Amino acid sequence: MPGRLAGKNAIITGAAGGIGLETAILMSQEGASVLMTDVAAPALERALAKVKEVVPSRDGKLETRVVDVSKESDIEAAVGHLDSWGGVDVMFNNAGIMHAKDGDAEECPENIWDLTQNINVKGVWFGCKHAVRSLRKHKKTKGSIINTASMVALVGAATPQLAYTASKGAVLALTRELAIVHAREGYRFNSLCPAPLNTPLLQDWLGDDKAKRFRREVHFPTGRFGEAIEQARAVIFLASDESSFVNAADFVVDGGLTKAYVTPE
Ligand code: NAD
C-alpha cells in the first residue's frame with residue numbers, strides 16, 4: 001500500500017530535535033522524500049542515523065543539510081535543493097528556541113528577545129516565503145506548510161518566558177494570514193500548537209528542579225507531559241491530503257491542557 005505521503009517532497013527544520021526527528025521518521029515511513037535540516041550538524045547526523053535505523057527501507061529520498069533558519073540564504077538554498085526532486089510539497093517550519101535567560105518584561109534581555117524572534121519568527125517567515133516560491137515555480141496546485149507555534153500562543157504562561165510567548169503568537173498570526181492569502185492557490189498553512197513535551201528543549205531547561213517541573217505537570221489533565229511522537233502524528237495528518245480542508249487551523253495537541261481548569265490537590 002502506498003504511504004500517506006507517497007510522492008511528496010518535504011523539508012523539516014529543527015529535524016535533529018524531538019518533534020523534528022519523530023516527524024522525519026514518520027514521513028519516511030509514509031513514503032515522503034525528506035530533507036532533514038538543523039543548525040546543529042553533529043546532532044543532525046545522529047538524527048539521520050536514527051531515521052535510517054528505524055526505517056531501513058524507504059521509498060523516498062532521505063538527506064540532511066545544515067540550515068540556520070534565521071539566515072534567509074540558508075533556507076533559500078535548502079528549498080532550492082529540492083528543485084531537482086520536483087519542488088517542495090510539504091514545509092515543516094519547526095525549528096525554535098526557548099532561551100534560559102528568557103523571562104518577564106523586566107528580566108528578558110534585549111539580545112535574547114532579538115535572538116528568539118530571529119529564529120522563531122523570522123525563520124518561519126523565511127520558510128514560508130521560499131516554500132511558496134517553490135510551489136509556484138513548480139506549478140503545484142496543492143502544498144502544505146506547517147509552522148510550529150505553541151499552546152502559549154493561545155494562553156499565557158504562568159512562569160514568564162515573554163520573548164518565547166511573543167514569538168509563538170507571531171507564528172500563529174502569520175500562519176493564519178498566509179492561509180487566507182494563499183487558499184485559492186491550494187496552499188494550506190496550519191500552526192501546530194504543542195503543550196510542554198518530553199523533549200530536550202524543555203526537559204534540559206527543567207533539569208532536576210522538582211518545583212519547576214511540578215508547576216507544569218499539575219496543569220495536565222492527563223498528568224503527564226506530551227511526547228514528541230504525538231506531535232509528529234498530527235504533523236503527518238496536516239502534511240497529507242487527508243487534511244485537504246484543514247486550513248488556517250491553530251492545531252492544538254495538548255492532552256486537553258488549554259481547556260482545563262486544574263487545581264493542585
Ligand atoms: P528541540 O530543542 O528538541 O528541537 C529544536 C531543534 O531546533 C534543535 O534540534 C535545534 O538544534 C534546532 N534549532 C535551534 N535553532 C535553530 C536555528 N537557528 N536554525 C535551525 N535549527 C535550529 O525541541 P522540540 O521540542 O522538538 O521543538 C520543536 C518546536 O516545537 C520548537 O519550535 C518549539 O518551540 C516547539 N514547542 C516545543 C514544546 C516543548 O515542550 N518541547 C512545546 C511547544 C512548542
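These legends walk through several close-up views of a predicted model. Residue numbers start from 1 along each chain as its sequence is written. Since the model is predicted, local features need a pLDDT of at least 70 and side-chain atom pairs count only at pLDDT 80 or more, while totals for chains, interfaces and linings use all residues.

**View 1. How confident is the predictor overall?** The protein averages a pLDDT of 95, where pLDDT is the predictor's confidence in each residue, from 0 to 100. A score of at least 70 goes to 99% of the residues. For the complex, the predictor gives an ipTM of 0.99 and a pTM of 0.97.

**View 2. Helix 1 meets helix 2.** Helices here are DSSP runs (H or I, at least four residues), strands are runs of E with at least two, and both are numbered from the N terminus. The axes of helix 1 and helix 2 come within 10 Å and cross at roughly 35 degrees; axes are lines fitted to C-alpha atoms, for helices over the stretch in contact, with angles from 0 to 180 degrees between N-to-C directions. Helix 1 brings Leu 21, Ala 24, Ile 25 and Ser 28 to the contact, and helix 2 brings Ala 47, Lys 50, Val 51 and Val 54; contact here means C-beta atoms, placed from the backbone, within 7 Å. By type, these residues are six nonpolar, one polar and one charged (nonpolar: Ala, Val, Leu, Ile, Met, Phe, Trp, Tyr, Cys and Pro; charged: Asp, Glu, Lys and Arg; polar: the others, Gly among them).

**View 3. Two residues of helix 2.** Leu 48 sits in helix 2, residues 41-54, and counts as buried because it has 20 C-beta neighbours inside 10 Å. The cut-offs are 20 or more other C-beta atoms within 10 Å for buried, 12 or fewer for exposed, and in between for partly exposed, with C-beta atoms placed from the backbone. Leaving out residues up to four places away in sequence, Leu 48 touches Met 36 and Thr 64. Glu 53 is also in helix 2, but it has 9 C-beta neighbours inside 10 Å, so it counts as exposed.

**View 4. Helix 3 passes helix 4.** The axes of helix 3 (residues 72-81) and helix 4 (residues 110-137) come within 9 Å, crossing at roughly 30 degrees. Here too the crossing is right-handed. Glu 72, Ile 75, Glu 76 and Val 79 of helix 3 meet Phe 126, Gly 127, His 130, Ala 131 and Ser 134 of helix 4.

**View 5. Helix 8 and its buried residues.** Helix 8 (residues 228-239) has twelve residues and spans 16 Å from first C-alpha to last, close to the 16 Å expected at 1.5 Å a residue (1.5 Å times one less than the number of residues). Its buried residues include Ala 228, Gln 231, Val 235 and Leu 238. The buried residues of helix 8 pack against several elements, among them helix 1 (18-29), strand 5 (143-148) and strand 7 (250-253).

**View 6. Two loop residues with positive phi.** Most residues other than glycine have a negative phi. Lys 139, in the loop between helix 4 and strand 5, has a positive phi near 50 degrees. Lys 139 is exposed because 7 other C-beta atoms lie within 10 Å. Ala 248, in the loop between helix 8 and strand 7, has a positive phi of about 65 degrees. With 15 C-beta neighbours inside 10 Å, Ala 248 counts as partly exposed.

Definitions and conventions:
Left-handed = near helix turned anticlockwise from the far one by under 90°. Contact = placed C-beta atoms within 7 Å.
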